[in-house]
Structure formats: structure tokens, C-alpha cells
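Look at the sequence and the structure first, then read on.

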Amino acid sequence: PRRIADAEAALVGVAPGERAFAQAAEIVSRVVDPMNDPHASADYRRDLVRTTTLRALDKALARQS
């Protein structure tokens, strides 16, 4: 796990939801620098980071409700 300050900043002061979460997840996927290896490409890993970020934010929002 690692904190991505730019993604956190993108969520400050905005209504939580799909649009804000997608923007934060996109920032995270651009910032990470995953490696390529025989098991998965860097692009696949970036997509995985984007997806898991969205899921984590959705889950956090659901816990608030």
C-alpha cells in the first residue's frame, strides 16, 4: 500500500461518488510505475490498480452510509 497525495487531494472538497472516484483512480494509475514480468504486463497492473482503487473508495463510501 502507498498513499498518493494527488489522488487524495482530488477527493478533498468534492461530493463522493462515481465521477470523483474515477478521477482519483485515474490519477493513481498514472502515478504508479509497475513492472513488467512474465506473469503480468505493466498496463495490466495499472488497470488493476485503477480497479482496486475504485473498489476501495466505493467500499469506504458504503461504510459511511
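## Terms and source

Two residues are in contact when heavy atoms of each lie within 4.5 Å. Helices (H or I, at least four residues) and strands (E, at least two) are DSSP runs, numbered from the N terminus.

This is a predicted model, in which local features need pLDDT of at least 70 and side-chain atom pairs count only at pLDDT 80 or more, while totals for chains, interfaces and linings use all residues. Residues are numbered from 1 along each chain as its sequence is written, and side-chain values use heavy atoms, with hydrogens and water left out.

## Helix H2

The expected span of a helix is 1.5 Å times one less than its number of residues.

A residue is buried at under 20% relative accessible area, exposed at over 50%, and partly exposed in between (1.4 Å probe, protein chains only). In H2 the buried residues are Ala-20, Phe-21, Ala-24, Ala-25, Ile-27, Val-28 and Ser-29. Their cover includes H1 and H3.

## Helix H3

H3 runs over residues 42–64, and its 23 residues reach 33 Å from first C-alpha to last, close to the expected 33 Å. Its buried residues are Ala-42, Thr-53 and Leu-57, and they pack against H1 (5–11) and H2 (18–31).

Why does Thr-53 count as buried? Its relative accessibility is 17%. Leaving aside residues up to four places away in sequence, Thr-53 touches Ala-25 and Val-28.

Asp-43 also belongs to H3, but it counts as exposed because its relative accessibility is 58%. Its side chain makes a polar contact with the side chain of Arg-46, at 2.8 Å. A polar contact is a pair of N or O atoms within 3.5 Å; within protein, one must be able to donate a hydrogen and the other to accept it, and residues adjacent in sequence count only if both atoms are side-chain atoms.

## The nonpolar core

A nonpolar core is a set of buried Ala, Val, Leu, Ile, Met, Phe, Trp, Tyr and Cys residues joined through side-chain atoms within 4.5 Å. The largest one has 10 residues, including Ile-4, Phe-21, Val-32 and Leu-57. H1 and H2 are the elements that give two or more residues to this core, and H2 supplies the largest share, 5 residues.

Ile-4 touches Ile-27, Val-28 and Val-31, not counting residues up to four places away in sequence.
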